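Subject: Structure handover

Dear colleague,

Please find the structure below, together with its sequence.

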Amino acid sequence: MKSTSPQNPNPLKKKLASRFLKAMKKLSHKISSSPSPPSTAERRRRHRAVRAAAYASMASAVGPRRAWSRALLRKLRSKATATSGRKTARRNPRNIGTRFLGLNELCDVVPGGKAMDSCSLLSETGHYIKCLRAQVQIMREILDSSSSSSSSRIL
Amino acid sequence: MSSRRSRSRASGSSRITDDQIADLVSKLQQLIPEIRSRRSDKASASKVLQETCNYIRNLHREVDDLSHRLSGLLESTDGDSAQAAIIRSLLL
């Protein structure tokens, strides 16, 4: 099992962190150049932008090596170009209905899951969970470090 | 895990063996903290899959919540302190 102590940094995590932080920097520049009080719609848009940046940095850090990251990249790109219609019809999931009912749920949750067979779905899920966990950790660390610094400023 | 039932079906990947599925399910079991903490090796496959779905959904919700807080953070702090926090967290 990989140890997640700070002395032993996970290379995937570093990659995720650098990409996500770059995206955040870009967002913060955009925000600082706009007028100060944001409307609710603007706040919602920023929230969505941060979330999209999180998933985008996950998918791009992993690259096209994994089916879930490919599917995620496709989805993000299609959202960026604002094409609402689904061009590719969803193929029937192969071999999923034969065994476990839980796989139907799982393929909904994992990006690109519906087009995979049971084996790939299970292995992709494992990798997806690892990356999601790392991403959540990074976001928490950013929040913690900034909140600790801001509290030292206020007091 | 040691016994391999030699089901020689068609050599193509049209049939997935039980062993493969069980193997992958046990790998998932290791990843999910709830099941791992219960120390039961024989969690049923459907339970593992269910817990996996729940776990992934929870992670999605966490990402959503954290991005909400991060977007608020971007507004409240000016550029310099945000960048300082960023550099500090990168070194962690």
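The model is predicted, so to speak of local features a pLDDT of at least 70 is needed and side-chain atom pairs count only at pLDDT 80 or more, while totals for chains, interfaces and linings use all residues. Residues are numbered from 1 along each chain as its sequence is written, chains are lettered from A and ligands numbered from 1 in the order in which they are written, and side-chain values use heavy atoms, with hydrogens and water left out.

Chain B

Along the sequence the pattern reads α-α-α-α. Of its 92 residues, 33% count as buried (buried is under 20% relative accessible area, exposed over 50%, partly exposed in between, with a 1.4 Å probe and protein chains only). Among the contacts in chain B with a separation of 6 or more, 6% are between residues 24 or more positions apart (a contact is heavy atoms within 4.5 Å).

Helix packing

In chain B, the axes of helix H1 (residues 18-31) and helix H3 (residues 45-76) come within 10 Å and cross at roughly 45° (axes are lines fitted to C-alpha atoms, for helices over the stretch in contact, and angles run from 0 to 180 degrees between N-to-C directions). That makes H1(B) oblique to H3(B) (under 35 degrees is roughly parallel, over 145 roughly antiparallel, 65 to 115 roughly perpendicular, the rest oblique). The crossing is left-handed (the near helix is turned anticlockwise from the far one by less than a right angle; clockwise is right-handed). H1(B) contributes B:Val25, B:Leu28, B:Gln29 and B:Leu31 to the contact, and H3(B) contributes B:Ala45, B:Val48, B:Leu49, B:Thr52 and B:Tyr55. By class these are seven nonpolar, two polar and no charged residues (Ala, Val, Leu, Ile, Met, Phe, Trp, Tyr, Cys and Pro are nonpolar; Asp, Glu, Lys and Arg are charged; the others, Gly among them, are polar).

In chain A, helix H1 (residues 11-32) packs on helix H2 (residues 40-62) at about 150°, with the axes 9 Å apart. H1(A) is therefore roughly antiparallel to H2(A). The crossing of H1(A) and H2(A) is right-handed. Residues in the contact include A:Leu16, A:Phe20 and A:Leu27 of H1(A), and A:Val50, A:Ala54 and A:Met58 of H2(A). The contact of H1(A) with H2(A) has 14 nonpolar, two polar and three charged residues.

Cysteines

The whole structure has zero disulfides over all chains (a disulfide is a pair of cysteine sulfur atoms within 2.5 Å). For A:Cys107, the nearest cysteine sulfur is that of B:Cys53, 8.6 Å away, which is too far for a bond. A:Cys107 is buried, because its relative accessible area is 7%. B:Cys53 also counts as buried, at 1%.

A:His127 sits in helix H5 (residues 118-154). At 17% relative accessibility, A:His127 is buried. Beyond residues up to four places away in sequence, A:His127 touches A:Val62, A:Arg66 and A:Trp68.

A:Ser69 lies in helix H3 (residues 67-80) of chain A. A:Ser69 has a relative accessible area of 0% and so is buried. Leaving aside neighbours within four places in sequence, A:Ser69 is in contact with A:Ala59, A:Val62, A:Gly63 and A:Pro64.

Regards

Notes
Helices (H or I, at least four residues) and strands (E, at least two) are DSSP runs, numbered from the N terminus.
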